[in-house]
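This report covers selected helix contacts, backbone features, overall chain shape and the interface. Please keep the sequence and the structure in view while reading.

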Amino acid sequence: MKREPPRSLADYAPLAFPAVMLVVFFVVPFSTMIAVSFFRRQQGGFYTPDFVVDNYARFLTTFFGGVLGFSLMLAIMVALVCVAIAFPFTFLLAQTKRRVQIVWLVVMLSVLSLSEVIIGFAWSTLFSRTAGITNLFVWLGLMSEPQALVPGFGAVLTGMVYQALPYTVLVLYPAIVRLDPTLTEAARTLGASPLLAFFNVIVPTLRNTIVATLIMVFVFALGSYLLPQILGRPQHWTLSVLITDQAIYQSNMPFAAAMAVFLVLISLSLVALTLFVGRRETA
Amino acid sequence: MKSLLHRNIGRRAVLGTGLAGAAALAMPTVLRAQDRSIKVGVYGGYFKDSFDANIFPEFTKATGIAVESIAEPTGEAWLVQLSQAARAGQAPADLSMMSQTSTLKGQEQELWTPLDPSKIKNFDGLLTNFVSTYPDDRVAGVGAVAWYITLVTNTDAYPEAPTSWAALWDPANKDKLGLLALVSNSFLLEVTARTFMGGTDALDTEEGQLKAFEKLAEVKPNVRLWYRDEAQFEQALKSGEIPMGQYYHDVTGLAAADGHPVRSTFPEEGGILDSGNWVLSKASDKVEEAHVFIDYMSQPEIQSLMSRKVGTAPTLKRDLLDLTDEEFAAVSSDIDPIIPRYDLYISKSDWLNQKWTELIVG
């Protein structure tokens, strides 16, 4: 079937709905945020429409640079850990019977029904000194006395990986299930061990899927603000936590908006960079 | 229950009965057809529920003025709404419960109608910190509700109650404290100033504020949790996971009464006394009713009733009240309280917030 290039206005009509959605739910709110980020903050009051760059100037310090750097690093680590766990898991899942697959997928989906608050509190209890898993280790004789594993970086990372893992599996699943099984068979026939076949054939074949998943989990993790608060110390608070503080507790909308715009721009450019590098390598 | 289910009633009829029941329960807040009425904004949730149940019906009975209570959001959202509505000549509520910082912010815009002390019988019995005034001494607000933040401990971990806020600085308490996460709700600068610098006046200058920050930085190694969410700390305190910190006096008392191993101590330097005011929007024409309401609320009997039923600290001098020692201790203390420096959170809020964030995050 040959696809005709659109000629009349009516041919473009199917685009109207997505375009309207994009304008209403992205362009308008984001533009409002950009506008507010240039407003003048009135201390002890609110803000007045204006065009000042003070809000951006306040952000450009080593302090906020450090927080931004930590947020990015955390999101990247969550993405890497999630894909590193989810990819082999989904691959093995795809080899099993249909019935087993369905059970696993339903279990994964049920995790999505938990709110971030419940996940945070559950992990903080599991990692606590008084009721946590270290008590189990003491009972097994692995440790001499129970320890608190929360708050800390490990706890934040665990909580966020737990939250993002179902999404990762769900994004990887369709691509992995559709993978041509003859690829592995051919590799095996040519003498590759299962592990070698996995890394030299399966992983490169699904490279685009993996990159897309990494980006999705990265963006998902970047917006997290509740888990770092519940499971981390202040040095593990992400930029999103500080944005919330400014917007809700300090009523400093212009500064909160400036930080949010900055965060969006940085993450967009990182995504663009990833795609650009990916395309050059394929070319 | 079983017979009810088996009886031959249509589903719709059951639903209808339920709705009628719910409407009947909601009646007290609905404006009744009376000549005089007033709209009163109270913090949504616990305060509104308690006021609707215990205070407003009594007020209507005593004065014939109907009360329409309005749930207001905490934080500054309500101030913004009142201020914008007033510009259009509207008052979403005549009287509102307003935090001290928001009261001051409203004063800058002359948003509050000045109150007439002569129409409030017990005005002279009010503790001085519960009267907010404009710079020219006109009364902008009168204390509505007050509560203490004190030094709390888990009794299993600390058989002996600490006596001073200085316990927060004790190296023996490494990694054991839970403190509030924001400069404007923890009031730890004031605590530092009262405990180590002779009083909150030491915070008048930037030099003094910096010194307080420096002293406060020494607490950091002891802090396990900087909390925004109360439930997070309360749970950890009860279980002994985080055995010491700052928390609300009345809530801790209730938890102890429920058998949890927790206690609230008024340190010798005093507890932190935070509060909200009654303020009257300048767009309201219910000036007369508002004064009747504030007069009613500031009576010793009503203040005692609130202490017993709502758990708030009384706004009147103690000798006017009929609270027993035990009832008084459940909500307040005779020790001179630490009154937060609300003025600083107006004039220097961004600077203080920045320094504070750098202190705890850095």
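## Helix 5 against helix 7 in chain A

In this predicted model, helix 5 of chain A meets helix 7 of chain A through A:Glu116, A:Ile119, A:Gly120 and A:Trp123. On the helix 7 side, the partners are A:Ala155, A:Thr158, A:Gly159, A:Tyr162 and A:Gln163. By class, this contact has four nonpolar, four polar and one charged residues.

Helix 5 of chain A spans residues 116-126, and helix 7 of chain A spans residues 153-177. Their axes lie 10 Å apart, at an angle of about 140°. Angles over 145 degrees would count as roughly antiparallel. The two helices are therefore oblique to each other. Their crossing is right-handed.

The peptide bond between A:Val150 and A:Pro151 is cis, with omega about 0°. A:Pro151 sits in the loop between helix 6 (133-139) and helix 7 of chain A. Most residues other than glycine have a negative phi, and most peptide bonds are trans.

## Helix 8 against helix 9 in chain A

Which way do helix 8 and helix 9 of chain A run relative to each other, roughly parallel or roughly antiparallel? Helix 8 covers residues 181-189 and helix 9 covers residues 194-205. They pack at an angle of about 150°, with axes 10 Å apart. The cut-off for roughly antiparallel is over 145 degrees. Helix 8 and helix 9 of chain A are therefore roughly antiparallel.

Helix 8 passes helix 9 in a right-handed crossing. Helix 8 of chain A makes the contact with A:Leu183, A:Thr184, A:Ala187 and A:Arg188. Helix 9 of chain A contributes A:Ala197, A:Val201, A:Ile202 and A:Thr205. The classes are five nonpolar, two polar and one charged residues.

## Helix 5 of chain B

Helix 5 of chain B runs over residues 100-108. Seven of its nine residues are buried, so this helix is largely enclosed by the rest of the structure. The buried residues are B:Gln100, B:Thr101, B:Ser102, B:Thr103, B:Leu104, B:Lys105 and B:Gly106.

What covers the buried residues of helix 5 of chain B? The cover includes two helices of chain B, helix 4 (77-87) and helix 14 (344-347). Strands of chain B also take part, including strand 3 (95-99), strand 4 (131-133), strand 5 (139-154) and strand 10 (272-280).

B:Glu110 lies in the loop between helix 5 and strand 4 of chain B. Is B:Glu110 buried or partly exposed? B:Glu110 has 13 other C-beta atoms within 10 Å. A residue counts as buried at 20 or more and as exposed at 12 or fewer. B:Glu110 is therefore partly exposed.

A:Ser251 is not a glycine either, and its phi is positive at about 50°. A:Ser251 belongs to the loop between helix 12 and helix 13 (253-282) of chain A. A:Ser251 has 24 other C-beta atoms within 10 Å, so this residue is buried.

## The overall shape of each chain

Chain A holds 13 helices and two strands. Its radius of gyration is 23 Å, well over the 19 Å that the globule rule gives for 283 residues, so chain A is more spread out than a compact globule. Its C-alpha atoms fill a box of roughly 75 × 70 × 35 Å along the principal axes. Buried residues make up 27% of the chain. Of the contacts in chain A between residues at least 6 apart in sequence, 67% join residues at least 24 apart.

Chain B holds 15 helices and 10 strands. Its radius of gyration is 23 Å, close to the 21 Å from the globule rule for 362 residues, so chain B is as compact as a globular protein of that length. The box for its C-alpha atoms is roughly 65 × 60 × 40 Å along the principal axes. In chain B, 44% of the residues count as buried. Residues 24 or more positions apart account for 73% of the contacts with a separation of 6 or more.

## Where the chains meet

The interface brings 24 residues of chain A into contact with 25 residues of chain B. On the chain A side, helix 3 (62-95), helix 11 (226-231) and helix 12 (239-249) each supply at least two residues. Helix 12 of chain A gives the most, with four. The chain A side divides into 12 nonpolar, 10 polar and two charged residues.

Conventions
Residues are numbered from 1 along each chain as its sequence is written. Chains are lettered from A and ligands numbered from 1 in the order in which they are written. This is a predicted model: local features need pLDDT of at least 70, side-chain atom pairs count only at pLDDT 80 or more; totals for chains, interfaces and linings use all residues. Two residues are in contact if their C-beta atoms, placed from the backbone, lie within 7 Å. Ala, Val, Leu, Ile, Met, Phe, Trp, Tyr, Cys and Pro count as nonpolar, Asp, Glu, Lys and Arg as charged, and the others, Gly among them, as polar. The radius of gyration is taken over C-alpha atoms; the globule rule is 2.2 Å times the number of residues to the power 0.38. Axes are lines fitted to C-alpha atoms, for helices over the stretch in contact, and angles run from 0 to 180 degrees between N-to-C directions. Angles under 35 degrees count as roughly parallel, over 145 as roughly antiparallel, 65 to 115 as roughly perpendicular and the rest as oblique. A crossing is left-handed if the near helix is turned anticlockwise from the far one by less than a right angle, and right-handed if clockwise.
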